[in-house]
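My entries follow in the order I checked things.

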Amino acid sequence: TTLALHFAAKCQRPEYGSRPVFYINIEGRLKKMNLTGIKGLDISKMKIIGSTQGNILSAEDYLGIAETIATSIPKAVIIIDSYSALCTESETTKGMDEQQRADGQKLLAKFCRRMANVVPVNKTTIIGITHLMGNPTGYGGDREKGGYAIAYQADVKLKAGALEKLTNKQGRQIGQKVEWSVEVSALG
């Protein structure tokens, strides 16, 4: 989240096109401290989209909003936080005991296919945040929540690695230093 917001702040600068920023807050965990802690981020020129009382958005709603922004606002920066928390309409309406196999991954794959030509034509940037989960099969290491379609559409895919706690003089953690690795790069 911090890296995506830092990137957004850079995109808002005139030398980078004063690009409009949209933050799709699926997890609902974005806080004022996240926004005010980013040097240069102009919150007044940023639109935060999320569920509200009486209007709980589904995965279809969130990705539909992202698609509308990408197709109608050239050079938009869209941050989707996070693919991992997408909850489809069928997951929302069916009972807790009913299984929906890979509904979210199928929907995300469709979104990726639909954005394939929109992103380069409208010079849109989509930043998608996802999380790792334990591999339930018992074979191999961790897996991404969100499916495999993202890897085929990504120009750049970063993975957070080692963390180092940053503390103030009183020893209280105030941040962290993250080591990033580039897993996919269509940029060379």
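I took helices (H or I, at least four residues) and strands (E, at least two) as DSSP runs, numbered from the N terminus. On that basis I placed Ala-109 in helix H5. The model is predicted, so I kept to its cut-offs: local features need pLDDT of at least 70, side-chain atom pairs count only at pLDDT 80 or more, and totals for chains, interfaces and linings use all residues. Residues are numbered from 1 along each chain as its sequence is written, and side-chain values use heavy atoms, with hydrogens and water left out.

**Whole chain.** I counted seven helices and eight strands in the protein chain. Buried means under 20% relative accessible area, exposed over 50%, and partly exposed in between (1.4 Å probe, protein chains only). Buried residues make up 30% of the 188 residues. I then looked at contacts, meaning heavy atoms within 4.5 Å. Among those between residues at least 6 apart in sequence, 64% join residues at least 24 apart.

**Helix H5.** I checked its length first. The expected span of a helix is 1.5 Å times one less than its number of residues. For the 13 residues of H5 (residues 103–115) that gives 18 Å, and the end C-alpha atoms are 18 Å apart, which agrees.

Which residues of H5 are buried? I found Gly-104, Leu-108, Ala-109, Phe-111, Cys-112 and Met-115. Seen down the axis of H5, these buried residues fall within an arc of 160°, so they line one face of the helix. The arc is that of the directions from the helix axis to the C-beta atoms. Lys-106 and Arg-113 are exposed on the other side of H5.

Ala-109 has 17% relative accessibility, so it counts as buried. I also noted its distance to Gln-153: 9.3 Å from C-alpha to C-alpha, at 44 residues apart in sequence.

**Helix H3.** H3 has 14 residues and reaches 20 Å from its first C-alpha to its last, close to the 20 Å expected. Its buried residues are Ala-59, Tyr-62, Leu-63, Ala-66, Ile-69 and Ala-70. They cover an arc of only 120° around the axis, which puts them on the same side of H3. What covers them includes S1, S2, S3, H5 and helix H6 (118–122).

**H3 against H5.** H3 (residues 59–72) and H5 pack at about 10°, with their axes 11 Å apart. Axes are lines fitted to C-alpha atoms, for helices over the stretch in contact, and angles run from 0 to 180 degrees between N-to-C directions. H3 and H5 are therefore roughly parallel to each other (angles under 35 degrees count as such). On the H3 side, the contact is made by Ala-59, Glu-60, Leu-63, Ala-66, Glu-67, Ala-70 and Thr-71. On the H5 side, I listed Leu-107, Leu-108, Phe-111, Arg-114 and Met-115.

**Strand S1.** Ile-24 lies in S1. Is Ile-24 buried or exposed? Ile-24 is buried, with a relative accessible area of 0%. Ile-24 and Ile-80 are 56 residues apart in sequence, yet 4.8 Å apart in space, C-alpha to C-alpha. Leaving out residues up to four places away in sequence, Ile-24 touches Ile-49, Tyr-62, Ile-65, Ala-66, Ile-78, Ile-79, Ile-80 and Asp-81.

Methods. Parallel < 35°, antiparallel > 145°, perpendicular 65-115°, else oblique.
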